[in-house]
Structure formats: structure tokens, C-alpha cells
Amino acid sequence: MAHDAEQYIKDIQREYVDFLDDEEDQGIYAGHVKDMIAEKSKRLVVNINDLKRKNQQRALGLLSNASDEQLAFGRALKEYVSTIDPSYAKLHEDFFVGFEGCFGNRHVTPRSLTSIYLGNLVCVEGIVTRVSLIHPKIVRSVHYCPATKKVLERKYTDLTSFEAVPSSAVYPTKDDDGNLLETEFGLSVYKDHQRLTIQEMPEKAPAGQLPRAVDIICDDDLVDRCKPGDRVQIVGNYRCLPGKHGGYTSGTFRTVLLANNISLLSKESNLDISREDIMLCKKLAKNNDIYELLSKSLAPSIHGHAYVKQAILCLLLGGVEKLLPNGTRLRGDINILLIGDPSVAKSQLLRYVLNTAPRAIPTTGRGSSGVGLTAAVTTDQDTGERRLEAGAMVLADRGVVCIDEFDKMSDIDRTAIHEVMEQGRVTISKAGIHASLNARCSVLAAANPVYGRYDQYKTPMENIGLQDSLLSRFDLLFVMLDVIDSDVDQMISDHVVRMHRYRNPKEADGEPITMGSSYADSMSFVSHTDEKKDTQLYEKYDALLHGKSRKRHEKILSVEFMRKYIHIAKCMKPKLTEQACEAIANEYSRLRSQEAVDSDVARTQPITARTLETLIRLSTAHARARMSKTVTMDDAHAAIELVQFAYFKKVLEKERTGKRRRAGASSDEEDPRDDPNAATEHSPSRRSKRTRHEPAEEEEELEEEEEEIETPQPDAGDLTRRETRRSLPLRTESVEMTSTPSSTLTSITDARLVVFKNALQRLFRDAREQSLPLRRITAAINAANNAEPFAEGEIEAAMHRMTEDNQIMLADDIVFLI
């Protein structure tokens, strides 16, 4: 009986050799085998459709009786390789065959994998939920007997092998005569062994039911081909393993799938860039408006938010990472935080990034803990050993982590990502494991303000409610407001209603809506390298879908092309030019000096040395968008514009009676006419602090304020107003307004001024004070000079002259001596 089975395998082996030896025909598989030898591989992937065309009986036999057929096919491949390259065939004991193509009704999910498919070749697709460690599995052991000087060999097969009868699992320690054996570990042969668990895709599971899972066994070169979270398609032999209880076989059997080919269905693996694509991208990059075109093509279904889209484009492109000779790493990843009212499309922007970025991991604030984001120590189910399990940020290495509901995270969990955002690694020291894992990822977070909605009467810092240590790690922080504006609301409503009216032309009435990719697309298991379809460059204009929001001649890039463009642009490594360095350095020092002087300007985040790196990263990303090799002044100015837009926010003030220095302070705002009292005093405590200033500091502050008129003021305006430098002309107007009263002052003669100065100095010396009220000074000086008392206009003129000469300072009708 065994002889007949062996003869049957030899017969079909001959047929498989004929199939592989097709040099007289088209030479497809003869070429594939030569490529396999050149790549030093042991697995040949065969398309089952080719086998059907050439030998239908073998194809049907392979689908229904997989074990014998695969064993014969593997032997046939070894026989054919030995005719081409005998030395390569001797190096490897076994060769393997993987399958792809159309499996018909054997294309299943873990739910539909039932007992009728046992022993068949099936194609299963799902999400990898668990991956075990890789363990060596013994194939052949070699033993030496010192007593008899003989060498003993033993081969091992188990229920996962294709041989008909599993061998004994007992490892020999003595020979037949009872002499002890020594194992020659160097001559023994082992193979890699790994177990996966794949679960059916949530979108394909029936409504209201939990997804099912199936165990996969991977051997040799199939180990480590996928990681948890990957969507995969696996072809394998479905087999049952009997379980024993006290020597008797129980009625229920455990089933596994012995994999022979694994294909990833994720976006990253499908990205197939041809030479034509690179030429097209380079041609497109020569356009002057490429940056605007790319940012407009980001999430075109979301209306407005032009600057936010530009920032997200910079995040996708990223800066250039620097590794210095002394081991210092300067990160190139850009982190962005979106804070705003409900329903301003924050989550939709995150969703778009998930679909566009080559590698993106989504998490939410409440649904993820600190260890879930970084790394956790777990116990391996098979061996009971402690092992590290990567969290979301480690899985997103060289990609993007999208964290929604960032404000709902607890502070303890939020501090876990501090190290990742700056150093780009996760350090673990727990349960006896000390490890450092790479997590060089960009963070795109979305959060609501402290009060649910943004309070315009409070500073951005009070609204955001996060620590400075975390905020400084975000390169850009955008405050997105839901502003009531009838024109904008009309445009948004028109845009949204059009999108809801849109229907796919192929959609029929009464047809069930499929989730994700259609079932027909996934029926054929074909490696994606064979079919190269042209990527559509622009999205087609649809009158119903786009309407007034987009003109017919306006072009928007398609998502597929955007993905390719970003992938190609990330290969560029632009260098900073001298002019760009100077512009960035000047802007940074100006922002810092403003920080020191204008403590009242509403800032969204602190300005630290990281801001300088932010400017460099953003200008580099802008240069990458143009596919330029150098970072020019234009790139630096684009980065400065983004930073000015993101760092400043207008704070409205409730009506107060205090009018002190109103004009000077309101010039810091976008429009003094909108809110005359804006940003003068943020809180009563701040006001009281200011009155206790040292006179020298007060004078310095006034001087700085006058100097600042010349420098362009960053946009402190509302996010709905799109002109970043609008505040400049209005600022100069307000300065002119404040300077007009000085020109109408009554003049004072030099002689009278000398008399006034002497009297004032005497008064300060007698009073032994640094500051006196103006009323007391006027009375005292006029009492001393009864003959020629000073008029009110003269005193004002004298005060003005002395203030300009830096001798005194007048504030709130109190004169400070400098």
C-alpha cells in the first residue's frame, strides 16, 4: 500500500517536472527557477492559473489533495534545480512551492473555513492579531557513539509535515545496544518555525457578530513576513491535528493552516513606482504653485483650513533627520496638534492622513494607555517567557501616529510619549527587560479645548490646558474655531449637501453597500508586481460633487498619485543655503525677543530652542515639496508664515474701565477697531504686577515698543481670517494715532526747562522717593516758583522732553525718576 502511494507521488512528480521545464514553450517558469537560484531562495511561487491551462488534472488534484501534490511538486522542483545547478541543489535539502492565482470557492475567510476544506489548498484573508516568537524546529539530528565509533542519523516529521506518517518524537540518547550517544549539534539541521493568528476583517464580519480567527503555521523563509495589524492573504494547506487525552483521541480536532505563500494587502506593499511616475513627479515639481496644488489636494472634501492642510503636507513630507558623528540625533519628524471646537473636521483630517501616509497607525485618547502607545512586557503563551510587545508608536516607526481625542488621555499616559516625540525611541526597564526600541514617528494629534468649546476671552494656554513640556514638542499648534459667518456657512453647507447628493455611477437601486474593497477584487490572489496600471494624475471634475467650491479648470491630484509623489519627494535631502539660515535665525531671535517684551501677546505655545528646529524642518519639507536639493529663502519664508500663523491667537477682552496704555497694547492685535480693549490685561493679577515694575524696566519696555513698529508683526488674528500679515498696516495706523497728541503739546523754553528740572530734582531729593504723583509735583514746583508759576501745558511739555531724554518716565499720572 505504501509502495503504491510512493509510486503515485513519483508519477505526479514527473508531470510537475514537465510543467516546470517549459523552455520549449514560453520559458516562464524556467526563467523563474533561474531567478530563484540567483536570489539564493528556496521557494518558487507558481500561479495556479498557469497550471490549470497546462495540466488541469494536476491543478484540481492540488486544490483537493494538497499534501501529496505539494510533496511531489517540491521534489519535482529539487529535481529540476539539480539539472540546472547541481551544486545549489546539494546545498539545500528541501525546496518549497508557493501558490497564487484564482482559487474560486476556496477563497475563504476564517469564518467560512469549515470541515469541507480539510486537506484542501485554500486562500484565507484577514488581519494578523498575534505573532509568536521564532523557534528552531529540528529536521535531522546527528548522533555519535564514542563506544562503537559510529554515527547515527535520524529525521523528524510531525503532523505539520507533508510526509504521510509522523516519526517518533523521542530524541535518541542510547543506541540499540545501550551505548550512550552524543549529539553533534553542528551537523544537525533545524528550520525556523512560527505561529500566527489571523482574524477576519471587521468589515467582512456579519453585523453584530464577533470576528473569528484561525492559526497559521509558517516555516523556513515564511517567518517574519508580517507583523500584528497587517492585512494579509495567505495560501495554505488546511489540516486538522488530533488531540490526545490519556492515550485516547478526543472527538474534536484542532485545525491549522500550513502556509506556503503570504501576501500583504496593506498600502505600503502596493506602492509600485515606475520610471514614468518619477519623470511625471519631477515634471510636476517644476510648477511654481506645486506647494499650493499639493496642499489643496489634501482632503479636498474638507472646506477651508488652508494653513492646516499646508502643515499636514509638511508633516507627510517631513524634515531631514541628522545623525551627527558624536552620536547625537536631530529629529526630522514634524509633530502637529489640532485644537478646536467640535465639528471643525479634525478627525476627518486625521482619517485622510491615515489613507495617504505610507505607514499610519490610528489610536484614540481613551482607548490607548501609555504602554499601549510605547511598549508592553507580556508573557508568551507558548513558552511562558517574558517578551516585549510593540505599541502603536513603535509599530509606526518611520510613519505617522494619529491620536484622536488627545485631551481625554490621562496625564500619566500622556507623559509616556514625551521621549518618543523628541528622541524618537522608547526605553523600557521593567520585568528584567532593558531595551531601547526605535519609534521615529510623526505625531498628529487632535484635541478639544478644556471647556469643550474654545473660550475667546481666555488665553490659548488656558484653553489648551496642556503642560509646556509637551506643547514645546509639537512643532505647530493650530486653534480651529467654529466661527459664525453667514458667507462661510453658506459655502460649507453647499459643499456638504453636494457631497451627500453624490452617488457612484455604478451603484444600482436596492444594492447592498459593500464595506471596503469588493469581494470580486479579492477573489484573485495575484502578486501585485505583475500588473502595472497607470495612476491617474488628477481627479476628474464632477459638477454635482464639486459645484461652486471648485472651478472646472482647477486641478486636484488623486490620492494614489499623492501617495507616490510623497514617497518620491521623501527621498530628497535638501541642504540649507546661507540666506535661508540667516532668515530663519533672524525670525527666531525676533520671536524670542517678542517673548521677553510682549508678555501680553497671546501665544499658543512657548517659544523655545525647539522653535528654531521647527523652522528648519518646515523649510526643508517645503523644499521637498518642490523636489529641490537646496532650501532657499522662499522655503524659509513659507515656514515663517506657517509658524506665525500657528503661534499667535487673538484674545478678546470683556469690557473694562481701565484705559491705561490702551492704544499701545491694542496695536499688538489684529484690528484695534474690533476690540479696543483687546489683550491689554489678561487678568487682574497681571495688571497689579505691571504697576510694581522697576522704573528702568518700564522705560526699556516703552523703548522696545517704539522700535517694534518697524518689524512686521506676526499674525495675532483669528484663524478664519486668512491673511497672515494683516496686522502690520493697522499697527502703524495705531502708532500714528498715539503720536498725534504729542505734536499738539505746548512748547517750553530751554531756560524754563532748566528751572523745572532743578526744582524737580530738589523735590525728589527732599522727598527721598523714586516716584511721585504728578499732582504733588505740580503743586510743589509752583509753590517754589511763585513769581512765574508753570502752566499745565508747560509742565506737560517739560515732562515730554524729559521722558524723551530718558530722565523720567510717566505712567498713570505717576512720575518715575530714572
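1. pLDDT is the predictor's confidence in each residue, from 0 to 100. For this chain its mean is 76, with 78% of the residues at 70 or more.

2. This is a predicted model, in which local features need pLDDT of at least 70 and side-chain atom pairs count only at pLDDT 80 or more, while totals for chains, interfaces and linings use all residues. Residues are numbered from 1 along each chain as its sequence is written, and side-chain values use heavy atoms, leaving out hydrogens and water.

3. The chain has 31 helices and 28 strands (DSSP runs numbered from the N terminus: H or I of at least four residues for helices, E of at least two for strands).

4. The pLDDT is below 50 over residues 515-533, a stretch with 32 contacts in the model beyond near neighbours in sequence (contact: heavy atoms within 4.5 Å). Residues 657-744 are also below 50, with 148 such contacts. Where pLDDT is low, the predicted coordinates should not be read in detail.

5. Of the 818 residues, 45% are buried (under 20% relative accessible area; exposed is over 50%, partly exposed in between; 1.4 Å probe, protein chains only). Among contacts between residues at least 6 apart in sequence, 72% join residues at least 24 apart.

6. Tyrosine 190 lies in strand β8 (residues 189-199). Tyrosine 190 counts as partly exposed because its relative accessibility is 38%.
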